[in-house]
Amino acid sequence: MSKLDAFKSVLERAADAKALTWLGLGGPIEALARPQDQAQLLALLKVASQENVDVKMLGDGASVLVSDVGAPGLVLQLSAASFTELKVDGTRVRAGAGAKLGNLVTTATSAGLAGVEGLVGIPGTVGAALAINVSTSDATLGQYVESAKVATYQGEILELTRDDFLFGYRSSNLENVVILEATFRFEQDQPEELVKRMQKFWIVRKKKTSDLENLGYARMFKNPRGQSAAELIDQAGFRGAAVGAARVSMVDPNLVCAEKDCKSDDVKRLVTLIQTQARERIGVDLELEIVIW
């Protein structure tokens, strides 16, 4: 009997990956835990470490593809109220890792704090977004983080300051720790102007998914330096291409969608095909952004 069973009040065995990810695909997750507070999270991490159980973090599942056979190990989701708080203090916003990125954007914008309005419409939680330093051509999340509280996978707490962070394009040195909360510092601006800018970004972003209504979808690849993955996929001839029931979006070719009866394997095969053909046809190596479990 696993010591994880002592957490049965927050532990779900054979959790449905389809209900936990945007693509809506995949077999059962072996164990899913939603700790109610920091102490319970640390206890779960320590037990998993002692029993050599693989641990994965799940935000809102926007960039995760679970295999058709499921995901082994323990998946942690910080969706409890204690991990989703947002608090404005002057030009700073303290955000729990489980808070929606969209809520951080609207909270900052409404408070007249500029910087992240360009991230409106980007799915995910604050923790997941910060771990990969989510960015668009209009904003980069990592540039605004001032401090963070994180936990190691052995259950130890670390307090990090600006000098401890290393951010790159869609990457950071926070990918190997569990982010608990972060404090961001922004610049003051007129709320009315910020809201207008945010609305413009929202309209543009919404158009990119206009052909995916009622379909699960995910972004496939990172943009190579100075290039657009969507444009490269189009150049390689894969706009609208399909493998099984997995299809490339006609509007934004860097989005893959899951049509009726789609399997995770369809998405895997489509992504692999695009990578192979992009390399052969246009000499570009596309790096995965979607995380495959």
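## Starting with a charged pair in a helix

At 42% relative accessibility, R269 counts as partly exposed. Remember as you look that this is a predicted model. R269 forms a salt bridge with D265, and the closest N and O atoms are 3.3 Å apart. D265 is partly exposed too, at 37% relative accessibility.

Why are R269 and D265 separated by about one helical turn? They are 4 residues apart in helix α6. An α-helix has 3.6 residues a turn, so residues three or four places apart point the same way.

## The helix around that pair

Helix α6 covers residues 264-282, which makes 19 residues. Just after α6 comes G283, with a positive phi of about 70°.

Which residues of α6 are buried? They are S264, D266, V267, L270, V271, I274, Q275, Q277 and A278. The elements covering these buried residues include α5 (229-235) and β4 (64-65), along with β16 (242-243), β17 (246-248) and β18 (255-258).

## Salt bridges elsewhere

Side chains of opposite charge can pair when their charged atoms come close. How many salt bridges does a search of the whole structure find? The search gives 18.

One of them joins R34 and E12, at 3.9 Å from N to O. This pair links distant parts of the chain, 22 residues apart: R34 sits in the loop between β2 (29-33) and α1 (38-50), while E12 belongs to strand β1 (residues 11-15). R34 is partly exposed, with a relative accessible area of 30%, and E12 is partly exposed at 36%.

Another salt bridge connects D60 with K100, whose closest N and O atoms are 3.9 Å apart. Here as well, distant parts of the chain are linked: D60 lies in the loop between β3 (55-57) and β4, and K100 lies in the loop between β7 and α2 (101-110), 40 residues away. Is D60 buried or exposed? D60 is buried, because its relative accessible area is 15% and the cut-off for buried is under 20%. K100, at 40%, counts as partly exposed. Salt bridges can also form networks, and one links R92, E146 and R185.

## An open sheet

Now find the sheet. Its 5 strands follow the order β6-β7-β13-β9-β10, and they pair in the antiparallel sense. The edges are β6 (86-89) and β10 (157-161); each has a single partner strand, so one side of each is left without a neighbour in the sheet. Ignoring direction, neighbouring strands are turned by 15° against each other on average.

On one side, 5 bridges join β13 to strand β7 (residues 92-96), and R94 stands opposite T183.

Helix α1 lies across β9, β10 and β13, running at about 135° to β13. Helix α2 lies across β6, β7 and β13, at about 25° to β6.

Why is β13 described as largely enclosed by the rest of the structure? The reason is that 6 of its 8 residues are buried.

Technical notes: Residues are numbered from 1 along each chain as its sequence is written. This is a predicted model: local features need pLDDT of at least 70, side-chain atom pairs count only at pLDDT 80 or more; totals for chains, interfaces and linings use all residues. Side-chain values use heavy atoms; hydrogens and water are left out. Buried means under 20% relative accessible area, exposed over 50%, partly exposed in between (1.4 Å probe, protein chains only). Helices (H or I, at least four residues) and strands (E, at least two) are DSSP runs, numbered from the N terminus. Two strands pair if DSSP finds at least two bridges between them. The expected span of a helix is 1.5 Å times one less than its number of residues. Contact means heavy atoms within 4.5 Å. A salt bridge is a side-chain nitrogen of Lys or Arg within 4 Å of a carboxyl oxygen of Asp or Glu. Axes are lines fitted to C-alpha atoms, for helices over the stretch in contact, and angles run from 0 to 180 degrees between N-to-C directions.
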